[in-house]
Amino acid sequence: GIINEVSKTTSKPSDVLKLANQNLVTYIKNSHIRYVTSFYVSINLDTKLLTYSKAGHPAAYIIRNQQIIELETGGLFLGMYEDEEYEQSHVQLEAKDRLFLYTDGLLETKNSTDELFGIDRLHQISIETKLLPVSEAETLIYKSVQSFGATDEIADDQTLIIVEIN
């Protein structure tokens, strides 16, 4: 929707989020939705430079040689304040890096004692599955979250995207 349309006018992640935010402020005032989160990333395939910006969304991360590189920037939810500015940063990707983009529904899965799955568990299983093909790693991560959960009921969306750099 909105981000797709806005990204046709600029490729700079912080500007994409700023323009999407301005579009969403009016829409949200007239809807039951309170806010929208987003993590926007752009990868230059020639130079392997990853540029990113976020709006209230959990920070994506990279696994490089069994280490976590958090992709953290500042920026509030989309649709809250019309003049919100979004920080932008970049990281140079290397061969065999794995980029992990995910929704907070994975982190907020609770077990029978109301303990959250959390970012530390997600990081750990991401490192443990680093040498597996991406599709197998995704499956094992989803299974780990599911087996951690107390019920089969999912309270929030659980989305995971893994991108491996050649």
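**Strand pairing and packing in a predicted model**

Strand E6 pairs with strand E7 (residues 160-164) in the antiparallel sense, over 5 bridges. The model described here is predicted. Within this pairing, Phe100 stands opposite Ile162 in E7. E6 also pairs with strand E3 (residues 60-64), again in the antiparallel sense, through 3 bridges. Here Tyr61 stands opposite Phe100 in E6.

Because 5 of the 5 residues of E6 (residues 98-102) are buried, the strand is largely enclosed by the rest of the structure.

Another part of the model holds an open sheet of 3 strands, in the order E1-E2-E5 and with antiparallel pairing. Strands E1 (38-44) and E5 (89-92) form its edges, each pairing on one side only. On average, neighbouring strands of this sheet are turned by 20° against each other, direction ignored. Strand E2 (residues 49-55) is joined to E5 by 4 bridges, and Leu49 has Gln92 in E5 as its bridge partner. Helix H2 (residues 13-29) packs on the sheet and touches E1 and E2, its direction making about 25° with that of E2.

Leu76 lies in the loop between strand E4 (67-71) and E5. Leu76 counts as partly exposed because its relative accessibility is 38%, and partly exposed denotes the range between under 20% (buried) and over 50% (exposed).

Note on methods
Residues are numbered from 1 along each chain as its sequence is written. This is a predicted model: local features need pLDDT of at least 70, side-chain atom pairs count only at pLDDT 80 or more; totals for chains, interfaces and linings use all residues. Side-chain values use heavy atoms; hydrogens and water are left out. Two strands pair if DSSP finds at least two bridges between them. Helices (H or I, at least four residues) and strands (E, at least two) are DSSP runs, numbered from the N terminus. Axes are lines fitted to C-alpha atoms, for helices over the stretch in contact, and angles run from 0 to 180 degrees between N-to-C directions. Contact means heavy atoms within 4.5 Å. Buried means under 20% relative accessible area, exposed over 50%, partly exposed in between (1.4 Å probe, protein chains only).
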